[in-house]
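I opened a new notebook page for this chain. The entries below follow the order in which I looked things up.

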Amino acid sequence: FAGVYGEFHQHTVAARSALAGALLNAARFDDCLAVLMDELTRLDATPDAPGDRRLAVLRAIGVLYDRWNAAEPGKGYDAKASEWKANERKAISAEGPATPAT
């Protein structure tokens, strides 16, 4: 899609979102994280990238870690979820979040 429509066209974004959602629903957490981190890297490398898309990816990473923690408790995924949710809150308040380690 990106080659046809561009990196941040609605069809490209929808395809990446659908892929991440499918991987999350299949409990393929590592693969889902890879897709989301790739998207975040693309967004961070593009100065005019849509800010709402970045917020959506930050939110999705928090949700991913919540689900991962529910499936595999006691492995620190709850802390990761909290970290990414805090990052999302910082982005919303326009403080410019630092990207937490994966």
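**Helix H4.** I began with H4, residues 51–71, which has 21 residues and reaches 31 Å from its first C-alpha to its last. That is close to the 30 Å expected at 1.5 Å a residue. The expected span is 1.5 Å times one less than the number of residues. Helices (H or I, at least four residues) and strands (E, at least two) are DSSP runs, numbered from the N terminus.

**Ground rules.** I noted that this is a predicted model, in which local features need pLDDT of at least 70 and side-chain atom pairs count only at pLDDT 80 or more, while totals for chains, interfaces and linings use all residues. Residues are numbered from 1 along each chain as its sequence is written, and side-chain values use heavy atoms, with hydrogens and water left out.

**Whole chain.** I listed five helices and zero strands in the protein chain. The order from the N terminus is α-α-α-α-α. Buried residues make up 33% of the 102 residues. Buried means under 20% relative accessible area, exposed over 50%, and partly exposed in between (1.4 Å probe, protein chains only). I then looked up contacts, meaning heavy atoms within 4.5 Å. Among contacts between residues at least 6 apart in sequence, 44% join residues at least 24 apart.

**Back to H4.** Which residues of H4 are buried? I found Arg53, Arg54, Val57, Leu58, Ile61, Gly62, Leu64, Tyr65, Trp68 and Asn69. An α-helix has 3.6 residues a turn, so residues three or four places apart point the same way. The cover over the buried residues of H4 includes H2 (10–25), H3 (29–44) and H5 (77–92).

**Leu55.** I found Leu55 in H4. Leu55 counts as partly exposed because its relative accessibility is 21%. Not counting residues up to four places away in sequence, Leu55 touches Glu88, Ala91 and Ile92. The C-alpha atoms of Leu55 and Ile92 are separated by 7.4 Å, and the two residues are 37 apart along the chain.

**Lys85.** I placed Lys85 in H5. At 32% relative accessibility, Lys85 is partly exposed. Leaving aside neighbours within four places in sequence, Lys85 is in contact with Gly62 and Asp66. Gly62 is among the buried residues of H4. Lys85 and Arg59 are 26 residues apart in sequence and 6.6 Å apart in space, C-alpha to C-alpha.

**H2 against H3.** At what angle do the axes of H2 and H3 cross? I read roughly 155 degrees, with the axes coming within 7 Å. That makes H2 roughly antiparallel to H3. Axes are lines fitted to C-alpha atoms, for helices over the stretch in contact, and angles run from 0 to 180 degrees between N-to-C directions. Roughly antiparallel means over 145 degrees. H2 passes H3 in a left-handed crossing, meaning that the near helix is turned anticlockwise from the far one by less than a right angle. H2 contributes Arg16, Leu19, Ala20, Leu23 and Leu24 to the contact. H3 contributes Phe29, Asp31, Cys32, Val35, Leu36, Glu39 and Arg42. By class, I noted eight nonpolar, no polar and four charged residues.

**Asp38.** Asp38 is in H3 and is partly exposed at 36%. Asp38 and Arg16 are 22 residues apart in sequence and 9.9 Å apart in space, C-alpha to C-alpha.

**Ala27.** My last entry is the loop between H2 and H3, where I found Ala27. Its phi is near 60 degrees, a positive value in a residue other than glycine. Ala27 is partly exposed, with a relative accessible area of 44%.

Definitions and conventions. Parallel < 35°, antiparallel > 145°, perpendicular 65-115°, else oblique. Nonpolar A, V, L, I, M, F, W, Y, C, P; charged D, E, K, R; others polar.
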